[in-house]
Amino acid sequence: MATSEDAAPANESTTAPLGTRGRVRLRRTALMAVPAVAVGAVLITLTAQGVLAAQFAISGMPFTVTADNLDGVGFEQFGSLDHMIEGSPNEGDTGGQVLVAVSAIKQAELTKLCQSVDLGGINLLIRAGDAGTPVTATDLTTDSDLLSGDASFKNIEIGGDASTYTKAGVKGLPGVFGQQADTVTIKNLRQHNYATTAGAFKLPNLRLSFSSEGC
């Protein structure tokens, strides 16, 4: 639901207390992509613990999501680290890990939704919400390394600890920089995603097809 910067890994070893074995906490540098209010994007680089944001092993094949308009109630955003399975053919030079910005929305509506994934010369294309009834989702989260659009927020808080957030019912790790707001609106939304989850997802006028062009 935006570009890249150099990130230097930082490892911190912790001596385990008595009665615990093999507990090692890894601290990793996470790249935070925070959409600016209305006009742009601010990239925040910080050190944070790695976490499975999507709570499943990602395939490592990114997909594009676009929408004419997104309206959300209860918004949070913070950085995280997604993981592929060990030895994934899609890991490339990433080591099987992808830095992402997690965007969480409690209740969302999307108009003219398009989703596409490049399968190697052919795109799997999904369209919905373009016949007068928008796509709706509850407890929606997206893990993105690129997000763009014209965004506006109501009662936004920037720079809070993501582990204290309550607007969307999702918590990041302690010490992770984030933002939250009562509402979010993004026009001309474009996302480059690695994962999406939702408690409920309704796609009126759904069409699935293959195409030489993506969204």
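A residue is called buried when its relative accessible area is under 20%, exposed when it is over 50%, and partly exposed in between (1.4 Å probe, protein chains only). By this scale Asp68, at 40% relative accessibility, counts as partly exposed. The structure is a predicted model, in which local features need pLDDT of at least 70 and side-chain atom pairs count only at pLDDT 80 or more, while totals for chains, interfaces and linings use all residues. Residues are numbered from 1 along each chain as its sequence is written, and side-chain values use heavy atoms, with hydrogens and water left out.

**Strand pairing**

- Strands are DSSP runs (E, at least two residues), numbered from the N terminus, and two strands pair if DSSP finds at least two bridges between them.
- Strand β3 (residues 63–83) runs antiparallel to strand β4 (residues 97–111), and 14 bridges join the two. Within this pairing, Asp82 has Val98 of β4 as its bridge partner.
- Strand β3 also pairs with strand β9 (residues 177–197), in the antiparallel sense and over 14 bridges. Here the bridge partner of Phe78 is Gly178 in β9.
- Strand β4 pairs in turn with strand β7 (residues 135–154), over nine bridges and in the antiparallel sense. Ile105 has Leu140 of β7 as its bridge partner.
- Strand β7 is joined to β9 by 12 bridges, and the two run antiparallel. Thr141 stands opposite Thr197 in β9.
- Strand β8 (residues 157–161) pairs with β9 in the antiparallel sense over four bridges, with Asp161 opposite Phe177 in β9.
- In a regular strand the side chains alternate between the two faces of the sheet.

**The disulfide and its surroundings**

- A disulfide is a pair of cysteine sulfur atoms within 2.5 Å, and a search of the whole structure finds one.
- Cys114 and Cys215 form this disulfide, with their sulfur atoms 1.9 Å apart. The pair links distant parts of the chain, since Cys114 is in strand β5 (residues 113–118) and Cys215 is in the segment after β11, 101 residues apart.
- The disulfide is left-handed because the torsion about the S-S bond of Cys114 and Cys215 is about -85 degrees.
- Cys114 is buried at 3% relative accessibility, whereas Cys215 is partly exposed with a relative accessible area of 22%.
- Thr66 lies in strand β3 and is buried, with a relative accessible area of 16%. Leaving aside residues up to four places away in sequence, Thr66 is in contact (heavy atoms within 4.5 Å) with Lys112, Leu113, Cys114, Leu189, Arg190 and Cys215.

**Salt bridges**

- A salt bridge is a side-chain nitrogen of Lys or Arg within 4 Å of a carboxyl oxygen of Asp or Glu. The count by this rule comes to four.
- Side chains of opposite charge can pair when their charged atoms come close.
- One of the salt bridges joins the side chains of Asp68 and Lys112 (3.8 Å, N to O). Asp68 lies in strand β3 and Lys112 in the loop between β4 and β5, so this pair ties together parts that are 44 residues apart in sequence. Lys112 is partly exposed, at 45% relative accessibility.
- Another joins the side chains of Lys106 and Asp139 (2.9 Å, N to O). Because Lys106 lies in strand β4 and Asp139 in strand β7, this pair ties together parts that are 33 residues apart in sequence.
- The side chains of Asp130 and Arg207 also meet in a salt bridge (2.8 Å, N to O). Asp130 is in the loop between β6 (123–128) and β7, and Arg207 is in strand β11, 77 residues apart.

**Loops with positive phi**

- Asn155 lies in the loop between β7 and β8. Its phi is near 55 degrees, a positive value in a residue other than glycine. Asn155 is partly exposed, with a relative accessible area of 49%.
- Asn205 is found in the loop between β10 (200–202) and β11. Although Asn205 is not a glycine, it has a positive phi of about 60 degrees. At 40% relative accessibility, Asn205 is partly exposed.

**An exposed residue**

- Leu208 lies in strand β11 (residues 207–211) and is exposed, with a relative accessible area of 56%.
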